[in-house]
Amino acid sequence: MTRSIDHRADREWLRRAVRLIEADARRSADTHLLKIVLPDWAHWIDDDGQPAGVDLYLKDESTHPTGSLKHRLARSLFLYALCNGWISESTTVIEASSGSTAVSEAYFAKLIGVPFVAVMASSTSPEKTRLIEREGGRCHFVDNPADVYDVAAELERELGGHFIDQFTMAERATDWRGNNNIAESIFDQLSAERYPVPTWAVVGAGTGGTSATLGRYLRYRGHDTSLCVVDPENSVFFPAYETGDGSLRCTKGSRIEGIGRPRVEPSFVSQVIDRMIAVPDAASIAATRFFSDHVGRRVGPSTGTNLHGALLLVAEMVAARQPGSVVTLLCDPGERYGSTYFDDDWLAAQGIDIAEPLASLRRFWVDGRWREGGAE
């Protein structure tokens with residue numbers, strides 16, 4: 001007897017889901033590329049009598065509908081899972097996330113009408129938890145951040161859902177050749193600047209997807225831009241890069257939300273990275289506060305880590321009289337962290353003193369001399 005199973009009816013729901021996500025992308029304009037005006041020490045006259053110097057740019061990813069860089073990743077992850085047949089009309093989507101990715105994924109889950117569960121550390125800021133719940137997601141907390149992967153996989157089995165797994169899928173789901181990824185957007189926006197090809201691009205690593213996309217794109221397009229990845233305390237990426245040992249683990253979790261991991265994630269592609277900088281948490285938070293005052297609005301802590309690394313590179317270029325530009329990311333708004341990184345009592349409870357790195361940053365802004373000794 002001939003037997004047959006026909007799933008063609010599922011394709012109509014899939015077409016509708018993809019169409020909804022693509023329509024959402026078309027309604028969203030590209031994010032801004034902000035030029036940070038550096039002091040006079042960053043500008044000089046070259047040997048030919050022409051103006052030269054170093055320019056600094058921030059790609060402002062906080063203007064996405066869900067307020068962070070992770071909006072791009074969540075869109076790519078959902079399209080990847082949908083087109084692979086992993087998400088159907090009745091599928092519960094599950095993620096292991098410290099916050100921003102889950103906020104964005106909850107948004108896309110609601111957009112296509114499927115349930116969403118975020119497995120996250122209990123230390124995640126209350127502001128982020130509320131954002132996930134506002135988008136219709138459910139938060140499932142674990143005490144040990146290292147347990148989020150196993151708990152997400154267990155929920156996948158229990159619920160018959162799909163663990164969307166940003167830490168494995170990030171570098172696969174994003175088209176690094178182009179197709180409106182963040183690298184293509186940055187270079188398009190820099191095309192009319194005096195240094196259209198930046199000397200450095202600086203990003204942090206959570207999944208590793210952004211650094212993988214940028215590093216591959218730079219090589220694919222033949223750009224001379226070097227990729228620098230900054231890494232916070234209690235993250236394994238820097239020691240793994242330094243030693244070449246991808247099996248290393250950290251027993252503590254990163255205190256800088258959104259970046260830093262206790263294990264080397266599958267999406268972290270170290271071979272496309274030209275340099276890594278380990279940034280102390282106090283320096284990250286000092287830069288977060290300093291630039292929040294400088295730009296007139298709060299930025300998140302991973303942005304502070306990015307800016308610390310970017311300014312170190314700016315200082316090296318200025319000292320060497322090497323003209324060019326540095327571009328980094330404004331990852332998310334600081335309003336999500338009012339009860340943590342912008343709260344002095346919280347910092348004291350964490351044993352973090354930002355007085356010295358903040359003073360060093362202020363002195364650097366005056367004379368362009370890099371004195372802070374905490375960055376490696």
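This is a predicted model: local features need pLDDT of at least 70, side-chain atom pairs count only at pLDDT 80 or more; totals for chains, interfaces and linings use all residues.
Helices (H or I, at least four residues) and strands (E, at least two) are DSSP runs, numbered from the N terminus.

**Packing of H2 and H3**

- Helix H2 (residues 70-83) packs against helix H3 (residues 100-112) at an angle of about 50°, and their axes are 8 Å apart; axes are lines fitted to C-alpha atoms, for helices over the stretch in contact, and angles run from 0 to 180 degrees between N-to-C directions.
- The crossing of H2 and H3 is right-handed, the term for a near helix turned clockwise from the far one by less than a right angle, with anticlockwise giving left-handed.
- On the H2 side the contact (heavy atoms within 4.5 Å) is made by Lys70, His71, Leu73, Ala74, Arg75, Leu77, Phe78 and Leu82, which meet Ser100, Thr101, Ser104, Glu105, Tyr107, Phe108, Ala109 and Ile112 in H3.
- By class, this contact of H2 with H3 holds nine nonpolar, four polar and three charged residues; Ala, Val, Leu, Ile, Met, Phe, Trp, Tyr, Cys and Pro count as nonpolar, Asp, Glu, Lys and Arg as charged, and the others, Gly among them, as polar.

**Packing of H10 and H13**

- The axes of helix H10 (residues 281-295) and helix H13 (residues 355-367) come within 8 Å and cross at roughly 50°, so H10 and H13 are oblique to each other.
- H10 passes H13 in a right-handed crossing.
- From H10, Ala282, Ala283, Ala286, Ala287, Phe290, Phe291 and His294 meet Pro357, Leu358, Leu361, Arg362 and Trp365 of H13; the residues of this contact divide into ten nonpolar, one polar and one charged.

**Cysteines**

- The count of disulfides is zero, a disulfide being a pair of cysteine sulfur atoms within 2.5 Å.
- The sulfur of Cys331 lies 14 Å from the closest cysteine sulfur, in Cys228, which is too far for a bond.
- Cys331 is buried, with a relative accessible area of 9%, and Cys139 also counts as buried, at 14% (buried means under 20% relative accessible area, exposed over 50%, and partly exposed in between, with a 1.4 Å probe and protein chains only).

- Arg275 lies in strand S10 (residues 275-278) and is partly exposed, at 24% relative accessibility.
- Not counting residues up to four places away in sequence, Arg275 touches Trp200, Leu227, Cys228, Val229, Tyr241, Leu312, Leu313 and Glu316.
- Arg261 sits in the loop between helix H9 (237-243) and S10 and is buried, with a relative accessible area of 11%.
- Beyond four places in sequence, the residues touched by Arg261 include Val148, Tyr149, Phe167 and Gly206.

**Positive phi values**

- Most residues other than glycine have a negative phi.
- Asp165 has a positive phi, near 55°; Asp165 is found in the loop between strand S7 (162-163) and helix H6 (166-173) and is buried, at 14%.
- Arg321 has a positive phi, near 50°; Arg321 is in the loop between helix H11 (301-319) and strand S11 (324-330) and is partly exposed, at 46%.

Methods: Residues are numbered from 1 along each chain as its sequence is written. Side-chain values use heavy atoms; hydrogens and water are left out. Angles under 35 degrees count as roughly parallel, over 145 as roughly antiparallel, 65 to 115 as roughly perpendicular and the rest as oblique.
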